Amino acid sequence: MNAATGSEAPLPDERAHAAVAATGDGADVPRPALVRYALGSAGMGVYVTVPGLLLLYFLTDTLGVAPWLAGLALLVPKAVDIVLHPYVGSLSDRERARRGTRLRLLKAGCALAPAFVALFAVPGPVADRPWAAALWVAGWFVVANALFAAYQVPYLATPTDMTVGYHGRTRVLSFRMVVLTVGILVGGALAPLLAGEGDSVGRYVAMAVVLGAFMVVFQFVGVGGVRDLLPAPDPGRPAPERAAHGPALAQVRDVLRRNRPFRVLVSCYLLVSTTTHLVLAGLPYYARHVLDRPGFTTVLMAAFVAPALLTTPVWFRLSRSWGKQRCLLLCQGFFAVGALGLTAGKAAGLVVPVLCTLVLGVCFAGLQLFPFSMVPDTVRAGGGAETERTGAYTGVWTATEATGAAAGPYLYSAALALGGYAAARAGEEVTQSGGAHTAILLGFTLLPALLMAAALAVQSRYRLDAELTGPRSR
């Protein structure tokens, strides 16, 4: 990749994949293999959604864990991911250099489902002690996150490993985004229905078993899709020179220092991920305490996710004319406006919160599609040596996402604690104070709007998109 002009030239080992992607826009990528690859995101969507949506509520309103402790129980395991994901990324690069594929790590990640079930399967004696319950959830969250990283990091390296161009990477990621949306919708809609109103641990366990089975089936399908898109190189062909792979944390420092577009994109996505996960964590509280409709969580979750099924293809088409950067800035701006609109609560009827949530959902589609499709652009812009450590980049990226997934619920739990929110055990009725209600509302509306406005300000510093879509790059 010539960083000045945006022109692309395949690396010697990538020519073996010419049959997979013969054109820069990805039009010749085999659709069946692309669909199988995308289907792997259905299982990922469930795991991305359900812990973020229900774990904080499960801890505070079923296990009786105080908000500040519940927030720590979710924050500390995700802090481990800051080191874990770059290590997995470095490991996947070594696997590709040694074996030509990243499939072994992908297959290991398919063991995620049992750990997901264990998150909610808190034994009775443990559930009776809030401190012990928080430790149980935190411990299994670490295990589950490690297995998820083993799958997610090599899986997301696939678009960069392919020989497709600027729009081709968006096309590949648009397929993934549609299926990811289905997984998020399945997890976000079914999980609250199956778990009920948090009246027993058993309901949560049943929910986890059903969704865990869904996850593992689609994870294995995704492994097959990756195998078909990136066939193993001919063992008789001499292996190309590989870049040296240093310690994982040293690679994190290196890729962030040397690749400015990636550094800007990562900084912005940290704020985006924090915002979206804060909204997920706050949904059950907003539905129960602001709208006075606990069962409305499913409706709001559907309104937040379902628009992506229709708007992802639209965003892809718009990006071909406007570029990814402009579309992403548009999504960030309207997301902040939609979040502020939710402050109306039930005073404006249920129509206004639903419409505002639909606006968030339309923006959410772009907030997932464009940053993920821009990561391969930044890697390719770094030149051939950088593509040989794609795993290091995806490890940093997924660590950023995991950090946001921890920071969002933690910020919301901190708002609840400051407002004096009272935790409760399953079946208990607790009257919340006026301060708690204010914290529930502003933490769900004003706080995400401010975070997304900050993300927009950071993203405006991204310049690579203009280089790739300028006249000289066409």
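**Notes on a helical model**

1. Let's start with one crossing: helix H4 goes past helix H6 with a left-handed crossing. This is a predicted model, so keep that in mind throughout. H4 covers residues 112-120 and H6 covers residues 130-156. The angle between the two is about 160°, and their axes lie 9 Å apart. Since angles over 145 degrees count as roughly antiparallel, H4 is roughly antiparallel to H6.

2. Which residues of H4 and H6 meet here? On the H4 side you'll find Leu 112, Ala 115, Ala 118 and Leu 119. Facing them from H6 are Trp 136, Val 137, Trp 140, Phe 141, Val 143, Ala 144, Leu 147 and Phe 148. Sorted by class, the contact of H4 with H6 has twelve nonpolar residues, with no polar and no charged ones.

3. Stepping back to the whole protein: there are 20 helices and zero strands. Of the 474 residues, 57% are buried. Take the contacts with a separation of 6 or more: 85% of them are between residues 24 or more positions apart.

4. Now for another helix pair, H1 (residues 31-61) and H11 (residues 260-290). Their packing angle is about 50°, with the axes 8 Å apart. H1 and H11 are therefore oblique to each other. The crossing of H1 past H11 is right-handed.

5. Who makes that contact? From H1 come Val 48, Thr 49, Gly 52, Leu 53, Leu 56, Tyr 57, Thr 60 and Asp 61. H11 brings His 277, Leu 280, Ala 281, Leu 283, Pro 284, Tyr 285 and Arg 288. By class, the contact of H1 with H11 splits into nine nonpolar, four polar and two charged residues.

6. While you're in H1, have a look at Gly 43, which sits in that helix. Is Gly 43 buried or exposed? Its relative accessible area is 1%, so Gly 43 is buried. Leaving out residues up to four places away in sequence, Gly 43 touches Phe 214, Met 215 and Phe 218. Cys 110 is 67 residues from Gly 43 along the chain, and the C-alpha atoms of the two are 9.6 Å apart.

7. Next, the nonpolar cores. The largest has 124 residues, and the members touching the most others are Val 50, Phe 58, Leu 63, Phe 116, Phe 120 and Phe 304. To follow one of them, pick Phe 116: neighbours within four places in sequence aside, Phe 116 is in contact with Tyr 47, Val 50, Pro 51, Ala 208, Leu 211, Gly 212 and Met 215. There is also a second, separate core of six residues, with Val 88, Leu 105, Ala 150 and Val 153 among them.

8. Back to H11, this time for Thr 275, which lies in that helix. With a relative accessibility of 0%, Thr 275 counts as buried. What does Thr 275 contact, leaving aside its neighbours within four places in sequence? The partners are Phe 335, Pro 448, Leu 451 and Met 452.

9. Pro 448 is found in helix H19, residues 446-459, and counts as buried at 0% relative accessibility. Not counting residues up to four places away in sequence, Pro 448 touches Thr 275, Leu 278, Val 279, Ala 339, Leu 442 and Gly 443.

10. Two more spots to check. In helix H13 (residues 307-322), the buried residues include Pro 307, Ala 308, Thr 311, Thr 312, Trp 315, Phe 316 and Ser 319. Tyr 393 counts as buried, at 1% relative accessibility. The C-alpha atoms of Tyr 393 and Thr 378 are separated by 9.4 Å, and the two residues are 15 apart along the chain.

How values were computed: Residues are numbered from 1 along each chain as its sequence is written. This is a predicted model: local features need pLDDT of at least 70, side-chain atom pairs count only at pLDDT 80 or more; totals for chains, interfaces and linings use all residues. Side-chain values use heavy atoms; hydrogens and water are left out. Axes are lines fitted to C-alpha atoms, for helices over the stretch in contact, and angles run from 0 to 180 degrees between N-to-C directions. Helices (H or I, at least four residues) and strands (E, at least two) are DSSP runs, numbered from the N terminus. Angles under 35 degrees count as roughly parallel, over 145 as roughly antiparallel, 65 to 115 as roughly perpendicular and the rest as oblique. A crossing is left-handed if the near helix is turned anticlockwise from the far one by less than a right angle, and right-handed if clockwise. Contact means heavy atoms within 4.5 Å. Ala, Val, Leu, Ile, Met, Phe, Trp, Tyr, Cys and Pro count as nonpolar, Asp, Glu, Lys and Arg as charged, and the others, Gly among them, as polar. Buried means under 20% relative accessible area, exposed over 50%, partly exposed in between (1.4 Å probe, protein chains only). A nonpolar core is a set of buried Ala, Val, Leu, Ile, Met, Phe, Trp, Tyr and Cys residues joined through side-chain atoms within 4.5 Å.
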